[in-house]
Amino acid sequence: MLPPILFNLFNGLIDTVKLEQTIRTTLAHVATIANCKLIADITDDTVLLQSGLDSLGFAMLVAQLEEDLGIDPFSQMQIAVYPRTFAEFVTIYRQAQQDGNK
Amino acid sequence: MDLLRQLQQANYSGIALIDSEQVGYQQLISGALALRQQYPQLQQQGVAIRYSALPQFLTALLAFDGWCSALYLLPETELDIPEQVQHWPCEPSVIQHTTSCSQDTLWYLATSGTTGTPKWIAHTFASLSRAVKVAAAQSSLHWGLCYQPTRFAGLQVLLQSLLSGACISDCSSGDAEQRIEMMLNSGVTALSATPSLWRQLLMTGCLHQLPLLQLTLGGEIADQALLNKLSALFPSARLLHIYASTEVGVGFAVSDQQAGFPLSWLDTHHSGLAFKIDEQHHLWLKPLHTPDSNLARRLDSEGYMDTGDLVHIQGNRVQFLGRDSGIINVGGNKVHPEQVEQVILQIADVLQAKVYAKASSVLGQLVVADIVVTSHTDRAKLQPQLVGHCQQHLARYQIPTRFNFVDHLSTNATGKLNRKEPHG
């Protein structure tokens, strides 16, 4: 039996992996309908606007994630944050999910 | 007074533009005078100019305004021009005599009409340059041109830069990262862009490196989060958002860094305009100058014109909600729902289609379609067919980003689609 603190940490890690997987799946799906060709290997450091997704594709990604996850972190901000890399993008969603769970 | 004469009178001595080379105001003026000498056959004729580079384009505008009867600024997409209009550049003439008489030139810009098909709209130089601010602080600015100067938004920036004696560089091509690099390299200090383009520039993570003194947002509704972000990055810069009604041909700028405009403007004149809101929540404007004759018939008894823009009052601000006509604004690109519906309805299995806007935190609005299909339709197969068909017949920003299959679409008493109903 895991101590509660490790259990929570473990669950948090699973949630993060799941979230990133959802974002990757949605990204691939949106790229197809937006007629964008994604670069082969999207890593944490990939610059979003150089991933093959243009601004319309990016807008569609955010709209689709709102349907899949029920959140649009970009519409709720008082001072907007603009992610440059894929990792920054995932972090914004993770943060928004955590804020929503509080 | 024509553009060339205005610049001759202003007698600016600085740099007018930085391209692959630097071109000074006096150099532009002498280039334009040389063009008039070289092409006397174009005097009092209509000329169509395609944009390739700033030095040639600016010299041609200076030479031909006040010299030719009409200037057609050719858009990137093909659009027919009247037969007698000559394309520029062309062969120089062998005749070498010119008369010095000046004439009012009509400027033609391509605009998507109500059907979505581009058409030519005539402007006078006076109306195009009405919003230009000339002040000492303006002349030291270096503008980054974010839109082709054959488009209304680009031309406005070009004229602002020229008439105020500022400098301008073309940053209108490439993705956001490439544009920022061009702006950094040429030392841009002033930018005018749609909120959507500002968001993309912010996403590069490099925007703060630009020493911006003036930031203008236009062409879409400016939201508070974006205004907050920009004012935090550039606390001492002038930050404006512009409202322009192409319907009414007037506009105003809001400089207090708050979305919408102050409620108090409804009681006082501002920017040479009087404001009112009708029962349908439309914003009406009354220009203090006499409107162009083609607009005069649209005035109400008090002299106001309907902008067709929906507004609502929130505290002490009037906030914009979008167009009442249902025109969708995708990152500054206007989409006519009817045009998209016509394309979707060309597919045999689609019985009804309703196209509308969905709010987007990235591009302002996105296009969405609700469709009714025949009962035997395989929806999984139809989806890619719809996307493919739209890709063939529509520009990317016009293609619905989502197709919702619905059982029915409500129509009003006259059998038209009910566009005010909540969407499916």
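**Figure 1. Domains of chain B.** Chain B is divided into domain 1, covering residues 3–312, and domain 2, covering residues 328–405. The model is predicted. Between the C-alpha centres of domain 1 of chain B and domain 2 of chain B the distance is 32 Å.

**Figure 2. Contact between the two domains of chain B.** On one side of this contact are 11 residues of domain 1 of chain B, and on the other are nine residues of domain 2 of chain B. Helix α8 (residues 195–203) of chain B supplies the largest share of the domain 1 side, with three residues. By class, the side of domain 1 of chain B that touches domain 2 of chain B has seven polar, two nonpolar and two charged residues.

**Figure 3. Packing of helices α2 and α3 of chain B.**

**Figure 4. Residues at the crossing of α2(B) and α3(B).** From α2(B), the residues in the contact are B:Leu28, B:Ile29, B:Gly31, B:Ala32, B:Leu35 and B:Arg36. They meet B:Leu58, B:Thr59, B:Ala60, B:Leu62 and B:Ala63 of α3(B). Sorted by class, the residues of the contact of α2(B) with α3(B) are eight nonpolar, two polar and one charged.

**Figure 5. Fold of chain A.** Chain A contains three helices and zero strands, and its elements follow the order α-α-α from the N terminus. The C-alpha trace of chain A spans about 50 × 35 × 25 Å along its principal axes. Chain A has 102 residues, of which 25% count as buried. Among the contacts in chain A with a separation of 6 or more, 59% join residues 24 or more positions apart.

**Figure 6. Interface between chains A and B.** In this interface, 22 residues of chain A are in contact with 27 residues of chain B. Helix α2 (residues 55–69) of chain A contributes seven residues, the largest share of the side of chain A that touches chain B. That side of chain A is made up of 15 nonpolar, five polar and two charged residues.

How values were computed
Residues numbered from 1 in each chain as written. Chains lettered and ligands numbered in written order. Predicted model: local features only at pLDDT ≥ 70, side-chain atom pairs only at ≥ 80, totals over all residues. Contact = placed C-beta atoms within 7 Å. Helix = DSSP H or I, 4+ residues; strand = E, 2+ residues; numbered from the N terminus. Nonpolar A, V, L, I, M, F, W, Y, C, P; charged D, E, K, R; others polar. Domains from an automatic or database assignment. Buried ≥ 20, exposed ≤ 12 C-beta atoms within 10 Å, placed from the backbone.
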